[in-house]
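The tour goes stop by stop: select, look, move on.

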Amino acid sequence: MKQLTLSNLIGRCIVSCMLVLLTQLALSLVPRFLSASSLLIQLPLSALLLLVVIGLGGRIRRVLGVHASAPAFVFFSILFVWCVYVLVIRKAAVSHVMDVVFNGEVAILIIGLCSILKSDPGLEMYGSSEDRCIEDSTSGVNSQNQELELSDSFLGKRVRHCRSCKAYIRGLDHHCPAFGNCIGQKNYILFVILLVGFIITEGSYVACSTQFASKFGIFNGTMSETSLFANLAVSTTTFSILQLVWQVCMLPLDNFTSFCKLVYPYED
């Protein structure tokens, strides 16, 4: 698998952090200028703006010749939402029990993200005594996910080659750019648990931020809080809702993988 030097890794993390800040600040413009609009109006506009910002960010990176990291983008997005929760939402409208639950969910989510980054998906050293039994069963490449599929005739188990990682993975399901790793026989269950964890955590944040919005009359035209923090509270709510929608709708893994490549078009 591709290894990065420390300086390259730090550089990609810095670029990813800047992209997260740019994305979230751009999303905060929607409630800033459409504060009297309902959530149903702000959601599609936020989705369109999100795609535009991500697309422009990708083009600017290519022009400047800099690289970003999809897992770092995910991590800094979690961190940004959590900071807004701590600085704005928690102080205004969250019970002690809900506060403990949400902070625990965020902590588990970060641990899970780090775990799947380091997890072994089922790496096979092609050319070992066991893998000499592997024969090319397709002699073709799947154009959608660019993975070459092989068949282990001796063990009756599937081994596939991932071009993103340049490695042979036993039981490979797909390469997940958002989590920066292949999803295979050994980490598939962790992947599903982590995906469900994202859905639960985002749902909890939406519940907390909805209480904040109701308290300050944000979506009924009587908004009493118009600061940048309040706008960020609303924009992170719409961001979390959009994440929930595509994660739930794209939960079948073929759709999830394709959409991941659109939402997280950054190099690992």
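**Stop 1: a buried charged pair**

Select glutamate 124 and arginine 170; both are buried. The model is predicted. Now show the side chains. Glutamate 124 and arginine 170 form a salt bridge, with the closest N and O atoms 2.6 Å apart.

Side chains of opposite charge can pair when their charged atoms come close. How many salt bridges does a search of the whole structure find? It finds three. The next two stops show the others.

**Stop 2: a link between two loops**

Select aspartate 120 and lysine 186. They form a salt bridge, and their closest N and O atoms are 3.3 Å apart. The pair links distant parts of the chain, 66 residues apart. Aspartate 120 is in the loop between α5 and β1 (123–124), and lysine 186 is in the loop between β7 (181–183) and α6 (188–215).

Aspartate 120 is partly exposed, with a relative accessible area of 34%. Lysine 186 has a relative accessible area of 58%, over the 50% cut-off, so lysine 186 counts as exposed.

**Stop 3: arginine 90 and aspartate 99**

Select arginine 90 and aspartate 99. Their side chains meet in a salt bridge of 3.7 Å, N to O. Is aspartate 99 buried or exposed? Aspartate 99 is buried, because its relative accessible area of 13% is under 20%. Arginine 90 is partly exposed, at 31%.

**Stop 4: aromatic rings**

A pair of aromatic rings is described by the distance of the centres and the angle of the planes. The count for this model comes to five aromatic pairs. One of them joins phenylalanine 75 and phenylalanine 76: it is edge-to-face, 5.3 Å centre to centre, with 70 degrees between the planes. Phenylalanine 75 is partly exposed at 28% relative accessibility. Phenylalanine 76 has 19% relative accessibility, under the 20% cut-off, so phenylalanine 76 counts as buried.

Go on to tyrosine 85 and phenylalanine 102. Their ring centres are 4.5 Å apart and their planes are at 50 degrees, so the pair is tilted. Tyrosine 85 lies in helix α4 (residues 70–93) and phenylalanine 102 in helix α5 (residues 96–118), so the pair ties together parts 17 residues apart in sequence. Tyrosine 85 and phenylalanine 102 are both buried.

**Stop 5: a charge over a ring**

Select arginine 32 and phenylalanine 33. Where does the charged end of arginine 32 sit? It sits over the ring of phenylalanine 33, 5.2 Å from the ring centre.

**Stop 6: serine 28**

Finish at serine 28, in the loop between α1 (6–27) and α2 (29–33). Serine 28 counts as buried, at 5% relative accessibility. Look for the backbone oxygen of leucine 25: this oxygen lies 2.5 Å from a polar atom of the serine 28 side chain.

Definitions and conventions: Residues are numbered from 1 along each chain as its sequence is written. This is a predicted model: local features need pLDDT of at least 70, side-chain atom pairs count only at pLDDT 80 or more; totals for chains, interfaces and linings use all residues. Side-chain values use heavy atoms; hydrogens and water are left out. Helices (H or I, at least four residues) and strands (E, at least two) are DSSP runs, numbered from the N terminus. Buried means under 20% relative accessible area, exposed over 50%, partly exposed in between (1.4 Å probe, protein chains only). A polar contact is a pair of N or O atoms within 3.5 Å; within protein, one must be able to donate a hydrogen and the other to accept it, and residues adjacent in sequence count only if both atoms are side-chain atoms. Rings of Phe, Tyr and Trp (its six-membered ring) pair if their centres lie within 6.5 Å; planes under 30 degrees apart count as stacked, over 60 as edge-to-face and the rest as tilted. A charge sits over a ring if NZ of Lys or CZ of Arg is within 6 Å of the ring centre and within 35 degrees of the ring normal. A salt bridge is a side-chain nitrogen of Lys or Arg within 4 Å of a carboxyl oxygen of Asp or Glu.
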